[in-house]
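Open the model in your viewer and have the selection tool ready.

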Amino acid sequence: MKNGRDPVIVGLADAPIEDGKFVTKASVLGHAALVAKAAVDEAGLTLDDVDGLLTAGMWGVPGPGQLATVTLGEYLNIMPTYVDGTNIGGSAFEAHVAHAAMALREGYCEVALIVYSSDQKSLRSRNLGGRPSVLSMQHETPYGMPTPVSGYAMAAQRHMHEYGTTSENLAEIAVATRKWAQLNPAATRRDPLTVDDVLSSTMISEPLHLLDCCLVTDGAGAIVMTTAERARDLKTKPVAVKGYGEAHTHWAIGEMPDLARLLPAQKAGETAMKMAGVSHSDIDVVEVYDSFTITVLLTLEALGFCKIGEGGDFVSGQRTAPGGAFPMNTNGGGLSALHPGMYGMFLLIEAVRQLRGEGGEGGERQVKGAETALVHGTGGTLSSGATVILQKG
């Protein structure tokens, strides 16, 4: 491997939101452009330097996949020679980091820009209960199954049946995440939260309560990647992309191979950690997708931080909260900070900031001595998984 072409992250930006909505008045493409410009500016680059463009989502932009990428490229007035519109749900941006890393290593591009923007809160536009009845979704949507929450609820029910996991175990995750959000002035929800509060909140799809579910907000973010050699001339502290992996198993929850095990996360995590040459004890901070509290519990088990079936015990006693032994979702996560529909971008942004030592103004939520971070995104209805291992310097 040519060390000079090792991939690094050199620029970040996210759009400010208030009460879950964008502060700046702009279109979904406008917010994408704002964060793209801010991210390249932070790195000491310009949009003219960008020759790799990756995006997913972009509600309100015509067409899926590459068409959204082309539309964004036009809006940014750039002509990328490497493009990627991979969309595997909330894990897409972890996959984009992997794809950009491979493209940079092979010389397909020199500066890769990954962008996401969603104004779903402002437009009140996201209603996945109406997912089209394609493929095996024909066996779910017509029968009134609210998607995606009921799919996650089915997984939670199965895990409880097999391993004795409790609603209190899941509530511990929401409470710990809220404590991180209270240290983040940009988080949407910062009011105090207890286990009893979670358990007494409205039941959405048994056993998942309202406060077991992620927020619905606007949001936009961007990441700039380049080679280690190019980064030497830039003005930010580079964060190295050391390993990555991705996998997916199904679309509809009825096709999930095992409702109590998150197999894509297991495969993606094993691949990423092996590539990076790290073990679980090397990981200082963990950022995992928290669309629902059960997502976190299943992910921690699948990634091997605890044994299958022992996730409930692992998260008990506020283990993942500030001051706990296992710092996780340190900005408040999708449960309390923001969730614009595809949250994986913001997992990456928070992980990089932790490794840079930028854990909030005054360092209130900074994990001391953070050198290595694991980031894992989940997409669909526990359908896809992508893991990235990042290291400082």
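Start with helix H13. This helix gives the second largest pocket the largest share of its lining, 4 residues. Keep in mind that the model is predicted.

Now look into that pocket. Its volume is about 430 Å³. Select Asp-14, Asn-184, Ala-186, Arg-353 and Arg-365: of the 19 lining residues, these are the closest to the centre. Color the lining by class, and you get 10 nonpolar, 3 polar and 6 charged residues.

Zoom in on the contact. From H3, select Phe-93, Glu-94 and Val-97. From H13, select Gly-344, Met-345, Leu-347 and Leu-348. Together, the contact residues divide into 5 nonpolar, 1 polar and 1 charged.

Next stop: helix H6, residues 167-181, and helix H10, residues 293-302. Their axes come within 9 Å and cross at roughly 100°. Angles of 65 to 115 degrees count as roughly perpendicular, so that is how H6 and H10 sit to each other.

Which residues make this contact? On H6, pick Leu-170, Ile-173 and Ala-174. On H10, pick Thr-293, Ile-294, Val-296 and Leu-297. By class, the contact of H6 with H10 has 6 nonpolar residues, 1 polar residue and no charged ones.

Conventions: Residues numbered from 1 in each chain as written. Predicted model: local features only at pLDDT ≥ 70, side-chain atom pairs only at ≥ 80, totals over all residues. Heavy atoms only, no water. Contact = heavy atoms within 4.5 Å. Helix = DSSP H or I, 4+ residues; strand = E, 2+ residues; numbered from the N terminus. Nonpolar A, V, L, I, M, F, W, Y, C, P; charged D, E, K, R; others polar. 1 Å grid on protein atoms, 1.4 Å probe; cavity = no way out; pocket = protein on both sides within 12 Å on 5 of 7 lines; lining within 4 Å. Points joined across faces, edges and corners; volume = space filled by probe spheres on them. Axes fitted to C-alpha atoms, helices over the stretch in contact; angles between N-to-C directions. Parallel < 35°, antiparallel > 145°, perpendicular 65-115°, else oblique.
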